[in-house]
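Please keep the sequence and the model at hand while going through the points.

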Amino acid sequence: MLNLLIQPIILAKSAGPLTLPGLIAALARDEVDSYPALRPHQRPAWHMFLVQLAALALHRSDASEIPQSEDEWACALRGLTPDFRLDEPWCLAVDDWSKPAFMQPPVPESVTLQTDVSTPDELDLLITSRNHDLKQSVARRSEPQDWLFALVSLQTSEGFGGRDNYGIARMNGGSSSRPFLGLAPGETTGSRIMAVRPGAHFRRDLSVLLQTRAAQLERFGYLGYQDTGQLGLTWVAQWPEGEQLQLNQLDIWFIEVCRRVRLQADPHGLTGCKGNSKATRLSAKHLNGALGDPWAPVHKTENKSLTLSGGDFDYATLTELLLSGNWEIPLLARPACFEQDSVGQILIAEALARGNSKTEGFKSRVLPIGGKIARALSIEPQRQTLHRLALEQINEIKIFDKAVSGAIALVAARGDWEKRKKEHYARANDARSQFERAVDSIFFNHLWARFDLQEDDEALTAEKRRFRQTLHRKAEAIFEAALPAIPCASIFRPRAEARARRVFSGAIWKHFPELFAKREPKEEAHANA
């Protein structure tokens, strides 16, 4: 049966194979370094699952402290399923399909699961283009923990997969994704990002949820959540065909399942079966993913959770999410009352970008952010200052980007000013993409520096100049590297490149003439550092 409460199948680095309660206890003691078998796109779903599960268990047991022993956690988890003496909801495979198994709701007699699943990666939520991007059904020598991770990933993060294959309620439509935006304890050394420790992150998020439950219930009371007596583990409930769970039946921290799936054990290991449903498991389509998810940004006026689509968590996206004021920053992306401004933190933004029956890739951004900056995001005047400074930087970036684009287009047009067309500007796309990536790596370090220097005009002016110098240096290097690859007849190339360099420099000089002033040797060395 592979009972997660008593069988150690989860491999955690530095802690060894663990049971589910043993893992949660190890996380509470901060003794877990990583999960060697966890795939990158499964990471946010696994973290959210563990935090929600632990929060539900502690709330149900009325615990005042976070336990650190395996026995205490085993007792707390069993407290969520008191009607199942044999721990069926915690077993990966249960022969009687009328009873739940782990993340697997009971199967009604009228329903047949017709699709066989031979490997855990075939069960997982990834959709690939003609099986090229990430091969499917290759995990032939899988372990039980691989099925465990795939189940959590599928049931808590999947989107629409075609007729009668519905996705979760915590996303804005079937072609969206469940976004993750949160803070984690962390330290940075210079520009080096220190790894986020799973235990510290788990304990921090769990503590915030427990301390803010009453306030969050009041805030989202219109959705029907209550403090006690509601369903937290949705897979233990019966799922008659065509029937849906209503939000007023669920706990605010409910763990969702969206697909009919069952695993089966045989002498060679585990296999699975999956089937369809005539309706989504939860009746919440009209809410567009705005269900009080503590990791999901929600648009303030449109009241819908973030859809990343084919984008990325670049500086423009994070500026819009964190600084524009158009988005409600989720609970777990805001500093907690027990976190000091002097403590370094790390902002984690992750999502599986989805399209129509396809994925656009797993997007992840880990951004060092000081406690002072993190708190400023929730203080309106300071957020507005950060937004103004960010827009200044973005406008400066656009000037250099335009200079690169115009100069390269001129080379493609053989140096003829009047003949630059759309296809000539398209020749600059690769260079512009390189410039965007280069800028993205420095954007927030300079933004935090500008914010910290608001009271020192001279230092602020010097910081702005350093940013522009860096942009100039990077844009010029990318422009020069791109020139040889731009098609241009050899007879016109000397003229085209000469004019292009003049256009490039002129476009920048028009806005920042100080960048072309003769500098002292010491200043030159500092700018090139």
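This is a predicted model: local features need pLDDT of at least 70, side-chain atom pairs count only at pLDDT 80 or more; totals for chains, interfaces and linings use all residues.

**Notes on cysteines, charges and backbone**

1. Cys 273 has a relative accessible area of 7% and is therefore buried. Which cysteine sulfur is closest to that of Cys 273? The closest one belongs to Cys 258, at 17 Å, so the two sulfurs are too far apart for a bond.

2. A search of the whole structure for disulfides returns zero. Cys 91 takes part in no disulfide either, the nearest cysteine sulfur being that of Cys 75, 17 Å away. A disulfide would require two cysteine sulfur atoms within 2.5 Å. Cys 91 has a relative accessible area of 1%, so this residue is buried.

3. Salt bridges, by contrast, are present: the search of the whole structure finds 31. One of them joins the side chains of Glu 31 and Arg 29, with an N to O distance of 3.1 Å. Is Glu 31 buried or exposed, or does it fall in between as partly exposed? Its relative accessibility is 37%, and Glu 31 therefore counts as partly exposed. Arg 29, at 33% relative accessibility, is also partly exposed.

4. A further salt bridge is formed by Arg 219 and Glu 328, whose closest N and O atoms are 3.4 Å apart. Glu 328 counts as partly exposed because its relative accessibility is 29%.

5. How far apart are N and O in the salt bridge between Glu 480 and Arg 501? The distance is 2.9 Å. Here too the pair links distant parts of the chain: Glu 480 is in helix H13 and Arg 501 is in helix H14 (residues 493-509), 21 residues apart. Glu 480 is partly exposed, since its relative accessible area is 31%. For Arg 501 the relative accessible area is 33%, so this residue is partly exposed as well.

6. Salt bridges can also be considered as a group. A network of them links Arg 388, Glu 392, Glu 396, Arg 450, Lys 464, Arg 468 and Glu 514. The student may wish to locate these residues in the model one after another.

7. The negative patch consists of Glu 455, Asp 456, Asp 457 and Glu 458. Where does Glu 455 lie? Glu 455 is in the loop that runs between helix H12 (443-452) and helix H13 (457-482). With a relative accessibility of 78%, Glu 455 counts as exposed, because exposed means over 50%.

8. The positive patch on the surface brings together Arg 414, Lys 419, Lys 421 and Arg 495. Among these residues, Arg 495 is located in helix H14. Its relative accessibility is 34%, and Arg 495 is therefore partly exposed.

9. Two residues call for a remark on the backbone. Most residues other than glycine have a negative phi. Ser 14 is not a glycine, yet its phi is positive, at about 80°. Ser 14 occupies the loop between strand E1 (10-12) and strand E2 (16-18). This serine is exposed, because its relative accessible area is 57%.

10. Met 103 is the second residue for this remark: its phi is positive, at about 60°, although Met 103 is not a glycine. Is Met 103 buried or exposed? Met 103 has a relative accessibility of 0%, so it counts as buried. Its place is the loop between H3 and E3.

11. Lys 99 is likewise found in the loop between helix H3 (70-78) and strand E3 (115-117). Lys 99 counts as partly exposed because its relative accessibility is 33%. How far apart are Lys 99 and Trp 235 in sequence and in space? They are separated by 136 residues in sequence, while their C-alpha atoms are 9.7 Å apart in space.

Notes:
Residues are numbered from 1 along each chain as its sequence is written. Side-chain values use heavy atoms; hydrogens and water are left out. Patches are made of residues with over 30% relative accessible area and no salt bridge: like charges are joined within 9 Å, nonpolar side chains (Val, Leu, Ile, Met, Phe, Trp, Tyr) within 5 Å. Accessible areas come from the Shrake-Rupley method with a 1.4 Å probe; for residues, only the protein chains shown count as cover. A salt bridge is a side-chain nitrogen of Lys or Arg within 4 Å of a carboxyl oxygen of Asp or Glu. Lys and Arg count as positive and Asp and Glu as negative; His and the chain ends are not counted. The place of a charge is taken as NZ of Lys, CZ of Arg, CG of Asp or CD of Glu. Helices (H or I, at least four residues) and strands (E, at least two) are DSSP runs, numbered from the N terminus. Buried means under 20% relative accessible area, exposed over 50%, partly exposed in between (1.4 Å probe, protein chains only).
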